[in-house]
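Me: I am new to this structure and would like to learn how to read it, one feature at a time. Could we begin once it is in view?

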Amino acid sequence: MTGAPLVPRVALVVLDSFGIGGAPDAAAYGDEGSDTVGNTSRAVGGLRLPNLERMGLGTLTEIEGVEPRTEAGTLHGALTERSAGKDSTTGHWELAGIVLEEPFPTYPDGFPDEVIGPFEEAVGREVLGNEPASGTEIIARLGEEHVRTGRPIVYTSADSVFQVATHVDVVPLEALYEWCRAARGILTGRHRVGRVIARPFTGSPGAFTRTPDRRDFAVEPPAPTLLDDCSAAGIAVYGVGKIADIFTRRGITEASYSDSDDHGVDLTIGYLSRPGPALVFANLVDLDSKYGHRNDPEGYAGALERIDARIPDLVETLDGGVLLVTGDHGTDPTTARTDHSRERTPILAAGWPGPGIDINVRSSFADVGATVAELLGIQPSSRAGASFAETLGT
């Protein structure tokens, strides 16, 4: 460490797709008018989020059912993404100090032969699909043919992803993961997509469902991140959910995959309960994968309310630490599109001594990484963000 830590531990919890609209460049991404939380609240007749309300969520966008108020011991503000893109890798990397000037490539017409050919050779069979699609829709449409032929379903989205879906009774999980590793090795240079995603599913025709055994095979971060800096300073870094995948396990002391958001909160609490200084970095993905991408505002609302109900459990485990809750992008379930949306995200804190603090609109997600570094008493490698830790206890 290079300085005295201000707190003993930090829990950085990313609610995947926790967008609040207002991105100044939303129109450039086709996302003008997107407001994931606000629009969801209006679509379902109001949200019940008493704990996030106390932390100031209602001050950041108009949310039906959530009052614009704050309580002592909290902090609130909005984050503006500087990086080009609106995917999970980009968002999480910027939170950890990396700002990307160029977006990862996307494939609105599917992947070219120079990608698909080597992949088919690697797996020993032709692919199905090779098109932009909703994961649940393409599995429902092509799943039966996959089961009959063993050919993997390959698809993408508006995001920089190469997704491979296979039935667990047709392709064993480890074989699917190996196929995805092969794809990761193929997707380099100008085809360096942000993530290769394994999408196993189960069930029978008409009732296929995805399993929680998804894995993300991301590209290596191009520079040291907050996680590397913490690890180098002797601070334990625990990853929950897909965090280890997004950062290719770099700088991570220990990691656990989660089966659900509730399980992810349990894992976060378990890591927070360990002795010693620590960063617990968690991703809760259900809002995005189960509801946002499926244009299901009712499901999104229910999942967000369940997360809200677990906030006190997290706060009770802090023991002098700080809880930070944010997002990595939006996925507005009320729009016609099923992809991520370019939005600002909240930054909410609990365990922040003093009156409720308003840090207004920040110019980069990287402000979070700079703040965590200062809270834990380390010098960050990145200079991309501006810490707001000076407000602690004011």
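Me: What covers the buried residues of α5?

Reply: This is a predicted model, in which local features need pLDDT of at least 70 and side-chain atom pairs count only at pLDDT 80 or more, while totals for chains, interfaces and linings use all residues. Residues are numbered from 1 along each chain as its sequence is written, and side-chain values use heavy atoms, with hydrogens and water left out. Helices (H or I, at least four residues) and strands (E, at least two) are DSSP runs, numbered from the N terminus, and contact means heavy atoms within 4.5 Å. The cover of the buried residues of α5 includes β3, β4, β5, β6 and β7.

Me: Which residues of α5 are buried?

Reply: Buried means under 20% relative accessible area, exposed over 50%, and partly exposed in between (1.4 Å probe, protein chains only). In α5 the buried residues are Gly135, Ile138, Ile139, Leu142, Gly143 and His146.

Me: Which residue forms a salt bridge with Arg141?

Reply: Side chains of opposite charge can pair when their charged atoms come close. A salt bridge is a side-chain nitrogen of Lys or Arg within 4 Å of a carboxyl oxygen of Asp or Glu. Here Glu131 pairs with Arg141, their closest N and O atoms being 3.0 Å apart, and the pair joins strand β3 to helix α5 across 10 residues. Glu131 counts as partly exposed because its relative accessibility is 26%, and Arg141 counts as partly exposed because its value is 41%.

Me: How many salt bridges are found in the whole structure?

Reply: The search finds 25 salt bridges, and Glu53, Arg54, Arg69 and Glu71 are linked in a network of them.
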